[in-house]
Amino acid sequence: MMTVWRLRTGADKRIRSGHPWVFSNELSVSPKGHVPGAPVELQDAKGQFVARGYGNPHSLIAFRALTFNSQDAQPTGFDFLHQKVLGAWRVRKAAGFRGSFRLCFGESDYIPGLVLDYYLVDQNGKKAQVFVAQLVTAGMDTALQNAEEFFKGLVEKAKAQGFSDFTWEQTAVVIRNDVGIRKLEGMTVNEPKTIKDLEGFNLEHIEILLNAAGDDGVIKMSCDLKEGQKTGFFLDQTHNIYLAVNLFKSWAKQQNVKSVRVLDLCCYVGHWATQITRALKAQGLEVEVHLVDVSKTALAFAKENAEREGAKVVVHQMDVLEGLQNLPSQHYDIVIADPPAFIKAKKDIPTGKAAYIKMNTHAFRLGKKNGFVASCSCSGLLEEEEFRDAIRKASLRNYSEVRSVLRGGHAADHPTLMQFPEGFYLKMYVHYVM
């Protein structure tokens, strides 16, 4: 029988508006003693049904909702979760995503605790699919204890319903529970685990296929899906890159130049630089790409990816906050400043904002007049107004006139919910320098 928790009087307003969280101090009794991740039915102070999901007495967020429908009797069961994932898949297909994309984005896809990326991979002309999952809450960790059975069932249903052409034999599954956020749930941080491999494929050096920015095709990106950062690739910038590349293409048509120099800061495996190269090379321009990252491994992937599209590549292995002063001022037509999150907790906001100002000050210094600087932040705790202020301060230290010409954000594979503002994190602005 499912455990029932009741809310304190008046504590049901937020969750009745569709917000998926309940904090421990909003419950009428302490959740102490509840098995972390076990199913819970949530009721209001009068005993009326509110939601079903799972609970964790070791987390400040004691309850996370999986459904607000009283007819959903087993919201942590595979059948229910399969339908949720397939519903998320339908959104991605409707938005035109081909190849690789984020298939499930936790609360924003009504599956709190599950981050799931889908990769279409290619090796020597042979294609397959790879699921890379992060289980970041005790509830999802518990629900997917038998992850192989869950994903096998998902693959069978996805093929039967036309979401995928691949069978279980053409599928790999990697669990990436190596993220520190699990500690907030009282869980351990584990080494990456491959629960289903692909014969003849090397997931540590594999080519994934993505929507190409600037045309209707797909683009190949080499990366490591077993040990690389996050789930092996940063899929969240795909839409922003698409927007920016179309802007850069329009600009390039108006320029009486034969070559473009691009600086990609915190490049990781070079997604920005590779997409820009592809689009500008298609317009007959020569592209010189300067890749900056602290990771030698990431830079090797980035160089491979950009060179595949025809770029001349220069590699700079350095910490962007310490080494950029050694690069020449006003040297690059396009500068991309897309760092990892500088802000991990509220206490980090002042120092994190200072880091964004410092990095973007360099970005604007390095950019040429009549060129572009793209500034990004994936720090959810940094309010957009504060990020704009950081860009303003950084730009005015270098130029008297800059214009914000493009604003980006979340793509359809990283959806957001109006009732869940915590899901908004990604910010991107492109400025034209005069």
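Helix α6 (residues 271-281) is mostly covered, since nine of its eleven residues are buried, where buried means under 20% relative accessible area, exposed means over 50% and partly exposed lies in between (1.4 Å probe, protein chains only). The buried residues of α6 are His271, Trp272, Ala273, Thr274, Gln275, Ile276, Thr277, Ala279 and Leu280. The model is predicted, with local features requiring pLDDT of at least 70 and side-chain atom pairs counted only at pLDDT 80 or more, while totals for chains, interfaces and linings use all residues. Residues are numbered from 1 along each chain as its sequence is written, and side-chain values use heavy atoms, with hydrogens and water left out. Helices (H or I, at least four residues) and strands (E, at least two) are DSSP runs, numbered from the N terminus.

**Strands and sheet**

- Five strands form an open sheet in the order β1-β3-β4-β5-β2, with mixed pairing, two strands being taken as paired if DSSP finds at least two bridges between them.
- The edges of this sheet are β1 (3-6) and β2 (21-23), each with a single partner strand, so one side of each is left without a neighbour in the sheet.
- From one strand to the next the twist averages 35 degrees, with axes being lines fitted to C-alpha atoms, for helices over the stretch in contact, and angles running from 0 to 180 degrees between N-to-C directions.
- Strand β2 pairs with strand β5 (residues 61-67) in the antiparallel sense over three bridges, and Trp21 stands opposite Arg64 in β5.
- Strand β6 (residues 101-105) is mostly covered, five of its five residues being buried, and β6 pairs with β7 in the antiparallel sense over four bridges.

**Aromatic residues**

- The structure holds 19 aromatic pairs, a pair being rings of Phe, Tyr and Trp (its six-membered ring) with centres within 6.5 Å, and planes under 30 degrees apart count as stacked, over 60 as edge-to-face and the rest as tilted.
- The pair formed by Tyr118 and Phe131 is edge-to-face, because the ring centres lie 5.4 Å apart and the planes stand at 70 degrees.
- This pair links distant parts of the chain, with Tyr118 in strand β7 (residues 114-123) and Phe131 in strand β8 (residues 126-135), 13 residues apart.
- Tyr118 is buried at 5% relative accessibility, and Phe131 is likewise buried, with a relative accessible area of 0%.
- One aromatic cluster is formed by Phe78, Trp89, Phe97, Phe101, Tyr118, Phe131, Phe150, Phe151 and Phe163, and within the strand pairing Phe101 has Tyr118 in β7 as its bridge partner.
- Lys196 lies over the face of Trp168, at 5.3 Å from the ring centre, where a charge sits over a ring if NZ of Lys or CZ of Arg is within 6 Å of the ring centre and within 35 degrees of the ring normal.

**Salt bridges**

- The count comes to 30 salt bridges, each being a side-chain nitrogen of Lys or Arg within 4 Å of a carboxyl oxygen of Asp or Glu.
- Glu41 and Arg52 meet through their side chains in a salt bridge of 3.0 Å, N to O.
- Arg407 forms a salt bridge with Glu384, with the closest N and O atoms 3.0 Å apart.
- Arg407 belongs to strand β18 (residues 402-408) and Glu384 to helix α10 (residues 384-396), so the pair ties together parts that are 23 residues apart in sequence.
- Arg407 counts as exposed at 53% relative accessibility, whereas Glu384 is partly exposed, with a relative accessible area of 22%.
- Arg16 forms a salt bridge with Asp12, the closest N and O atoms being 2.9 Å apart; Arg16 is partly exposed at 44% relative accessibility, whereas Asp12 is buried at 19%.
- A network of salt bridges links Lys353, Glu386, Asp389, Arg392 and Lys393.

**Surroundings of Leu209**

- Leu209 is placed in strand β11 (residues 206-211) and counts as buried, at 4% relative accessibility.
- Leaving aside residues up to four places away in sequence, Leu209 touches Arg98, Gly99, Ser100, Leu120, Asp122, Lys127, Ile219 and Lys220, contact meaning heavy atoms within 4.5 Å.
- Between Leu209 and Lys296 there are 87 residues of separation in sequence and 23 Å in space, C-alpha to C-alpha.
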